[in-house]
Amino acid sequence: QGYEGLVEGGDNIKQANWLSVSNIIQLGGTVIGSARCKAFTTRAGRLRAARNLVEHGITNLCVIGGDGSLTGADIFRSEWAGLLEELVREGQISEEVARQNCRLNIVGLVGSIDNDFCGTDMTIGTDSALHRIMEVIDAITTTAQSHQRTFVLEVMGRHCGYLALVSGLASGADWLFIPESPPEDGWEDLMCERLGE
């Protein structure tokens, strides 16, 4: 469950084995769980997460996420030494354990279907999101033609129109709205004229 799992500990932290990863290759990456974690945004929450990692002897993290996840990883990394010192002061871990776990290595991977990160061609999740969008478009196109109706499809993307733009191009959409290019005044009449054609 992402940072929630780190903070809560317990059964959320367990070693993966062949049995636990069998038959998941075709599933989305969130098969391991994903959660927004308010506790991790606080030092107390990060202290609990540090304690749980030390308890399991984990000093390497792979964080896959967007802005919040990667910002959290950077803060966690920068605070790591101080968190261990605090755990020693509170008697939760020994100085020896703190020495053994003195370094936290983090690899950050951008996981965002929005494809809104510079320096990479495609972020993790974008390709599978586009695939799902095209499946839906293929399914509703037949219905739209059969009923001679216009369908409106909204896709995710927050402030980035990549998914809308690429799926619009791939499907031959008649009209497209993307945040990077807001419609000009009078767009309603122009759209109706186009659709009428």
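Predicted model: local features only at pLDDT ≥ 70, side-chain atom pairs only at ≥ 80, totals over all residues.
Colleague: Fine. Is Y3 buried or exposed?

Modeller: The relative accessible area of Y3 comes out at 14%.

Colleague: How many aromatic pairs turn up, and what is the angle between the planes of Y3 and F40?

Modeller: Searching the whole structure gives 5 aromatic pairs. One of them joins Y3 and F40, with 3.9 Å centre to centre. Planes under 30 degrees apart count as stacked, and that is the class of this pair, with an angle of 5°.

Colleague: How many residues apart are Y3 and F40, and where do they sit?

Modeller: Y3 belongs to helix 1 (residues 2-8), while F40 is in the loop between helix 2 (18-21) and helix 3 (43-55). F40 is buried too, at 4% relative accessibility. The pair therefore links distant parts of the chain, and the separation of Y3 and F40 in residues is 37.

Colleague: What kind of aromatic pair do F76 and W80 form?

Modeller: F76 and W80 are 4 residues apart in helix 4 (residues 67-89), which means about one helical turn between them. Both F76 and W80 are buried. Their rings are 5.5 Å centre to centre, with 85° between the planes. Over 60 is the cut-off that matters here, so the pair is edge-to-face.

Colleague: Which residues do the ring pairs link into a cluster?

Modeller: Take the stacked pair of Y3 and F40 together with the edge-to-face pair of F76 and W80. Ring pairs connect these residues into one cluster, made of Y3, F40, F76 and W80.

Colleague: Are helix 3 and helix 4 parallel or perpendicular?

Modeller: Their axes come within 9 Å and cross at roughly 75°. Angles from 65 to 115 degrees get a label of their own, so helix 3 and helix 4 count as roughly perpendicular.

Colleague: How many charged residues are in that contact between helix 3 and helix 4?

Modeller: On the helix 3 side the contact includes R43, R46 and R51, and on the helix 4 side E79 and E86 are among the residues. F76 and W80 take part from helix 4 as well. The contact divides into 11 nonpolar and 1 polar, and the charged count is 5.

Colleague: Is helix 6 parallel or oblique to helix 7?

Modeller: The axes of helix 6 (residues 126-147) and helix 7 (residues 162-171) come within 10 Å, and they cross at roughly 45°. That crossing is right-handed. Since under 35 degrees would be needed for roughly parallel, the arrangement is oblique.

Colleague: How many of the residues where helix 6 meets helix 7 are charged?

Modeller: From helix 6, I133 and M134 are among the residues in contact, and helix 7 brings L163 and V166 among others. The contact has 9 nonpolar residues and 3 polar ones. The charged tally is none.

Colleague: In the loop between helix 6 and helix 7, what phi does R158 have?

Modeller: Most residues other than glycine have a negative phi. R158, in that loop, is exposed at 64% relative accessibility. R158 isn't a glycine, yet its phi is positive, at about 50°.

Conventions: Residues numbered from 1 in each chain as written. Heavy atoms only, no water. Phe/Tyr/Trp six-rings, centres within 6.5 Å; stacked < 30°, edge-to-face > 60°. Helix = DSSP H or I, 4+ residues; strand = E, 2+ residues; numbered from the N terminus. Buried < 20%, exposed > 50% of the residue type's maximum accessible area, 1.4 Å probe, protein only. Axes fitted to C-alpha atoms, helices over the stretch in contact; angles between N-to-C directions. Parallel < 35°, antiparallel > 145°, perpendicular 65-115°, else oblique. Left-handed = near helix turned anticlockwise from the far one by under 90°. Contact = heavy atoms within 4.5 Å. Nonpolar A, V, L, I, M, F, W, Y, C, P; charged D, E, K, R; others polar.
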